[in-house]
Amino acid sequence: MGRYLAGRLLQAVATILIAVVVVFLLIRLLPNNPVLSRFGQHAVPEQVAIEMARQGWDQPLLVQLKNFIASALGDGDLGESFFLNETVVEGIERTFPATLELALSALMLAVPLGVVAGVAAAVWRNRLPDYLCMSGSLLGVSVPVFFLGICLMFMFPQMPTRGRLPLGADFDASSGFIVIESLFRGRFDIFNAALRHLCLPAIALSTIPMAVIARITRSSMLDVLSADYVRTARAKGASPPRVVARHALPNAGIPITNIAGLQIGVLLTGAVLTETVFDWPGMGTHLVDAVRLSDYNVVQGCTLMIVTLFVAISLALDMIYLWLDPRIRFSGGADG
Amino acid sequence: MAEPEFQSRAWRRFRRSRSAWIGGLLVGLCMFGALAADLLAPYGPTDRGAKTFLRPSAEHFLGTDSHEYDVFTRTLYGARLSLLASVVSVGIAITIGGFSGAVAGYFGGWTDSLILRSIDILLAFPGILIALLVVVALEPSWTAVILAVGVLNVPVFCRQVRATVLTVRDLDYVTACRALGATPGYTLRRAILPSLVNPIIVLATLGLGTAILEVAGLSFLGIAGQPDEPEWGNMLAEAKNHLATTFYPALAPGVAISLAVLGFNLLGDGLRDALDPRLHGRDE
């Protein structure tokens with residue numbers, strides 16, 4: 001058990017470290033010169049050289065890598081943006097709350113609806129709810145989120161479709177989390193506006209996770225519903241809702257928790273497309289802008305941030321798994 | 001492997017599956033549109049019409065967009081670009097993933113651990129991030145997008161091929177082949193490859209669906225090729241900018257992507273049911 005945890009932790013750290021090295025080398029070894037792209041086509045060689053030296057890009061790669069890791073770990077410094085007048089960390093701090101707000105709202109839509117749809121499909125198997133749920137989830141994974149977003153904008157023309165607040169809204173969220181902060185500060189007009197702005201992007205973003213969760217719920221419920229102990233429960237006279245809610249769902253819950261957790265990672269990054277559609281000022285649009293401009297430090301910083309989050313989430317999930325399932329707890333590992 | 005009995009039974013299962021029929025029809029339609037775009041399209045992909053944002057009419061089947069282009073024409077040509085990009089990137093994924101998976105499964109030991117670890121690291125990155133990184137390293141272009149989507153799909157093929165090779169590797173007929181003095185390359189090609197064909201066909205079909213979504217997504221973000229190229233993602237990005245004026249130009253490319261992806265998903269499911277008897281009857 002302890003050994004498993006230690007191994008798992010080590011693996012997570014190694015993954016992040018390798019990701020750092022890969023991202024770092026990928027950006028520096030490939031043909032696209034970051035400084036040249038900053039000066040455009042008519043770069044003056046001396047200017048380029050000065051800028052290279054200022055960024056430390058003229059040093060040997062290994063020295064650069066060492067410096068980068070040292071300053072990232074030492075004082076959380078990931079460099080500066082080439083184009084925006086801010087450091088990479090400031091950029092992440094500015095945009096991350098918006099992404100988190102959107103991702104959590106989408107998750108709050110996707111989990112309950114997906115689980116309910118999946119349970120309904122399993123209980124009324126091969127009947128109308130099942131067909132509806134299955135074709136709905138097939139559609140959910142087939143329609144691209146950016147087209148869905150455009151359709152939503154067309155269907156609800158009275159809903160706001162750009163950004164987090166109306167233009168000129170008089171509110172400065174110091175934490176970045178507009179919905180919660182406006183509620184705490186008693187600004188209900190802002191709270192209301194922020195929620196309205198959140199609606200369409202959250203719906204669009206929630207479809208794919210909802211479809212995935214519904215499918216997994218259905219198949220793991222089907223597995224459990226045909227188990228002997230469920231038949232026993234039925235035979236003892238437990239009412240059908242009780243059988244589903246008390247006997248079947250908890251045991252079907254482990255794969256569902258896992259998938260739902262993995263979706264958090266998907267939501268945080270899947271938001272790239274949704275954020276672009278709705279001009280949502282989150283980390284996704286920030287990253288895509290940086291890719292378009294070849295703003296390397298920002299790309300590097302955002303990537304590392306996202307990878308670290310991703311790894312941390314899957315680590316946390318394994319821990320939850322361990323805690324939820326005694327069989328895993330005693331056999332010593334999630335992978336068997 | 002090539003027992004006629006299995007094949008005819010698989011074919012019968014395939015024909016009976018409704019999802020395979022619908023999927024095949026949608027995929028066929030999409031391919032036909034792509035191949036016959038020159039014949040079917042009333043205009044050239046960069047011919048400008050009379051006005052921007054024309055409503056659908058006899059001259060312009062699906063209207064015109066913000067550049068006076070004919071939407072119907074460009075949706076047809078878009079099928080060509082999208083399908084081509086997806087097929088090439090899935091091809092890349094099959095080549096890299098298949099080769100590494102076969103090597104990992106066949107040789108085992110440290111080769112296996114090395115390849116598996118690399119795949120795990122690839123999976124530790126969220127998909128779209130890998131794509132963005134590849135694009136940023138190579139400068140935004142179609143080549144970069146195709147490569148990116150290819151790399152993205154390597155793990156799927158690598159893992160499946162490795163798993164299949166592992167189950168087949170120690171079967172008697174493969175051992176016999178080796179005992180007769182066959183080199184690893186020969187054994188992999190002649191004894192093991194045939195059992196890889198079916199799973200790869202299924203995964204490639206499903207993979208094409210995802211690839212279309214990913215290609216369209218990346219070009220929607222504006223990091224593939226030129227903005228006025230007739231490609232579904234591009235068209236949607238352009239249409240989105242003029243949503244306040246009209247919704248029509250977004251409809252055709254959006255529906256086209258959705259139907260193409262749906263088609264490949266259904267066809268892949270149908271093929272899986274038909275070709276993989278072990279799975280049959282489990283999930284229905």
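**Notes on the core and the chain contact**

1. In the largest nonpolar core, which has 165 residues, Ile213(A), Val135(B), Val145(B), Ala148(B) and Leu236(B) touch the most other members. Helix H9 (residues 188-225) of chain A contributes the most to this core, with 19 residues. Such a core is a set of buried Ala, Val, Leu, Ile, Met, Phe, Trp, Tyr and Cys residues joined through C-beta atoms within 7 Å.

2. A word on conventions: this is a predicted model, where local features need pLDDT of at least 70, side-chain atom pairs count only at pLDDT 80 or more, and totals for chains, interfaces and linings use all residues. Residues are numbered from 1 along each chain as its sequence is written, while chains are lettered from A and ligands numbered from 1 in the order in which they are written.

3. Leaving aside neighbours within four places in sequence, Leu236(B) is in contact (C-beta atoms, placed from the backbone, within 7 Å) with Phe146(A), Phe147(A), Ile150(A), Phe220(B), Ala250(B), Pro253(B) and Gly254(B). Leu236(B) is one of the buried residues of H11(B), a helix with nine of its 10 residues buried. Helices here are DSSP runs (H or I, at least four residues), numbered from the N terminus.

4. The contact between the chains takes 36 residues from chain A and 32 residues from chain B. On the side of chain B, H6(B) gives the most, with eight residues.

5. Leu76(B) sits in helix H4 (residues 71-107) of chain B. Why is Leu76(B) called buried? Because 25 other C-beta atoms lie within 10 Å, and the cut-off for buried is 20 or more.

Note on methods:
Buried ≥ 20, exposed ≤ 12 C-beta atoms within 10 Å, placed from the backbone. Helix = DSSP H or I, 4+ residues; strand = E, 2+ residues; numbered from the N terminus. Contact = placed C-beta atoms within 7 Å.
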